Amino acid sequence: MSNIFGLDASFLHSVGEMNALKVFKLTSCGHNESRIALQGLCKLSHVQTLDLSNNNLVGNLPACMANLTSLQRLALSGNQFTGNKTESPIASLTSIQELYLSDNDFQIPSSFGPLYNHSKLKTFIGDGNEIYGDVVPRSWVPKFQLNTLYLSCHGNVGAIPDFLFHQHDLQFVEISHIHFKGEFPYWLLDNNTGMTTLTLVNNSLSGHVFSPSHSLMSLEELDISNNLLNGEIPMNFGSFFPNLMKLNMSSNQFQGNIPPSLGHISSLYSLDLSNNQLIGTIPKHLGKGCKSLGELILTNNKLHGQIFSVDFNLTMLWNLQLGCNSFTSLSDSLSRSGLGTLDISNNRLSGPIPKWMAKISSLKELRMSNNNLEGSIPVEFCQFDKLGTLDLSGNNISGTVPPCFDNELLDELRLSNNKLQGTLRDVFNNISSNMVIMDLSNNHFTGCIPHSISRLRFLTFLLLNDNNLEGEVPTQMCKLDKLCLINLSHNNLSGRIPSCLRTISSFEETDGMPYDKTRFSSNYSELSEDIHFTTKRMSYSFHGRVLYYMSGIDLSGNKSVGEIPLEFGNLSSVLVLNLSCNCLTGKIPPTFADLKQIESLDLSDNFLSGEIPPRLVELYSLSVFIVANNNLYGIIPRTAQFATFEESSYKGNPLLCGKPLLWSCNNTSETPSTTIHDGEEDDDSFMDMDSFIASCIASFLVVISSLAIVLLINPYWRRWWFYHTEEWMTSCYYFVVDNLLWFPLKYFIVATIFH
């Protein structure tokens, strides 16, 4: 039985009357009562298969289940069962052959001691439970010989489980995330010559990796990623695994060169050596001999040179990730591949973007960011009709954006930190309406944000900061009801901020339906490239699933005027709001008290007035609050989060008082305009000295100009002015002669006579 919702909890009592029943399956029933009575099953003395997987069952297994002495297959996966296997009735079911316990809350001893007498046990699936280390006497030898073992659990067992030393029939083994220590267990491969799959991910294996004592003909998958293994990979490593299809040695500490012997594994389909310290070049034979290779991941190493040679022959390759290395050139032999994903970001590629790349018509994802590429974007890129992601950010690319990125599959366009120019109107009119991520920041784009932006109905991340944009923020942006991040900072935008501007989080409902961004971007949940956004006055990088939770607006560094819209208080999911360095006036909206999720609020360097709304102390998630350099007045709140904000959050508001500022609200004799700290003038005094000097100079120039104009127009006043000016100059001359020149001479003569 399956998918029977609301099944009566007493149903299992009647099942127990079916004494001859051999197979009983009750899966995915979604019970309203999670604690249904399992005791009714204890009477099924002849049952051989019992499947209760994917229900909402909780608690311990009833002790009477030990009566199921004929049971051969027990499936309890996908519930919330608890209990220690040492005390579980499973310890008494010695006829068990297959045991499926994954995704529960069982506590499994690493020794498997309670199962030592289960001589028929062949399959044990225990993923998603807790495993703990325990010790059994060394004289204990398990009677079972497992064929399949899956222990991808959570816990810390210390050493690799001892019972594995006695296993010789293992074919499928996964022991991951339990942090057992020691060297790579070669004996596990030597003892189990028929092993097909060995997965030891995210443990604490250390030491060097050596070649096995003999060839392992049956091994098809080997995954030892996320450990502490180090040293060089043996040069003949590939010769011992002739039938290997998947090899993952990523996220360790391997050094040295990539073994050329890996190129001899003709069956190899997936190779991942990323996140190590490998050096040298890509072996030529790797790009020639592994004809079945479909996935090659060498990201984050120290590799250099050319990406493949001219005799490249990996026609089956569809995923090539070589980011974060030091490659300097790219062979055009890649044009013969069927690549769907190409990541060569964060390398040392230089020169123009190769036009031959357009021949890889199967490309769906192209990342070339953070290199030294220059020139323009090839118009040949218009031939990409399957491209979903294009990332050319962080280069020296110039020119304009080709008017052909209207491929409906293109949903991620990253061109930031280049030297691109042109108007946004030309860009927005020629891109896909299914765009989800658009990053054009740090370029030289000009003009206004076009009204046609409203056609990008799926736009989620919009970053246009650090350009030369002008005009107002268009109200058409209010139609983009899926926006999460908006960054229009450091432009020349003016006018009022639209009151309808809003962002959402990925879990907010739109049109009555939960918003799921994965509907619009196939690679959204696994974004490998960062999205930069300034929050808490620092630029942070966000990527991957973190972006599900991001929601922010940054309009700082523009020329926006008017009051802050009261409607901004309805941005219930916003985490970051930055309106600093504008020309905003009016009061801080009291509706900001409704921004319950906000973590960073920056309103500094504006012309805001009034008091800080008292209800803002209810923003318990707020960690950054900055209102410096405004015209605020009154007492600074000092409760809840506001007790943590420093003086820098409030400076430059001469009529604010109270801690953390140095002047008290009860002491009116000392004001910010007269206070001097440490012998220096306060930069935030009431009178702005720069403005005062500028005003004086301007007034002087106005007076002189007015006088010159009057004398030029009226001849009578001109004659009168020059007459009196000459008379004044003559008087000054004789005054100087009589008092400054003649007086010393007279003093000298008199002194000589009397001497």
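The model is predicted, so local features need pLDDT of at least 70 and side-chain atom pairs count only at pLDDT 80 or more, while totals for chains, interfaces and linings use all residues. Residues are numbered from 1 along each chain as its sequence is written, and side-chain values use heavy atoms, with hydrogens and water left out.

**Overall make-up**

- The protein has 6 helices and 54 strands, taken as DSSP runs numbered from the N terminus (helices H or I, at least four residues; strands E, at least two).
- Of the 755 residues in the protein, 50% are buried; buried means under 20% relative accessible area, exposed over 50%, and partly exposed in between (1.4 Å probe, protein chains only).
- Among contacts (heavy atoms within 4.5 Å) with a separation of 6 or more, 53% are between residues 24 or more positions apart.
- The accessible surface comes to about 35,100 Å², and 54% of it belongs to carbon and sulfur atoms; the areas come from the Shrake-Rupley method with a 1.4 Å probe, and for residues only the protein chains shown count as cover.

**Cavities**

- A cavity is a set of points, on a 1 Å grid over the protein atoms alone, where a 1.4 Å probe fits but cannot get out, and its lining residues have an atom within 4 Å of a point.
- Grid points are joined across faces, edges and corners, and a volume is the space filled by probe spheres set on the points.
- The structure holds 5 cavities of 30 Å³ or more.
- The largest cavity has a volume of about 60 Å³, and its lining includes K85, I90, F112, G113 and F124.
- By class, 8 nonpolar, 1 polar and 1 charged residues line the largest cavity.
- The second largest cavity has a volume of about 50 Å³, with F184, Y186, P212, I224 and F241 among its lining residues.
- The lining of the second largest cavity has 10 nonpolar, no polar and no charged residues.

**Disulfides and cysteines**

- There are 4 disulfides in the structure, each a pair of cysteine sulfur atoms within 2.5 Å.
- Counting bonded cysteines along the chain, the disulfides follow the pattern 1-2, 3-4, 5-6, 7-8.
- The sulfur atoms of C42 and C64 are 1.9 Å apart, and the disulfide is right-handed because the torsion about its S-S bond is about 55°. This pair links the loop between β1 (23-25) and β2 (49-51), where C42 lies, to the loop between β3 (58-59) and β4 (73-75), where C64 lies.
- C42 is buried at 8% relative accessibility, whereas C64 is partly exposed at 24%.
- C382 and C404 form a disulfide with sulfur atoms 1.5 Å apart; the torsion about the S-S bond is about -70°, so this link is left-handed.
- C382 is partly exposed at 30% relative accessibility, whereas C404 is buried at 16%.
- In the disulfide of C478 and C500, the sulfur atoms are 1.8 Å apart, and the link is right-handed, with 70° about the S-S bond. C478 lies in the loop between β37 (468-471) and β38 (485-487) and C500 in the loop between β39 (492-496) and β40 (509-510), so the bond ties together parts 22 residues apart in sequence.
- C478 is buried at 18% relative accessibility, whereas C500 is partly exposed at 35%.

Note on methods
On a 1 Å grid over the protein atoms alone, a cavity is a set of points where a 1.4 Å probe fits but cannot get out, and a pocket is an open set with protein on both sides within 12 Å along at least five of seven lines; lining residues have an atom within 4 Å of a point. Ala, Val, Leu, Ile, Met, Phe, Trp, Tyr, Cys and Pro count as nonpolar, Asp, Glu, Lys and Arg as charged, and the others, Gly among them, as polar.
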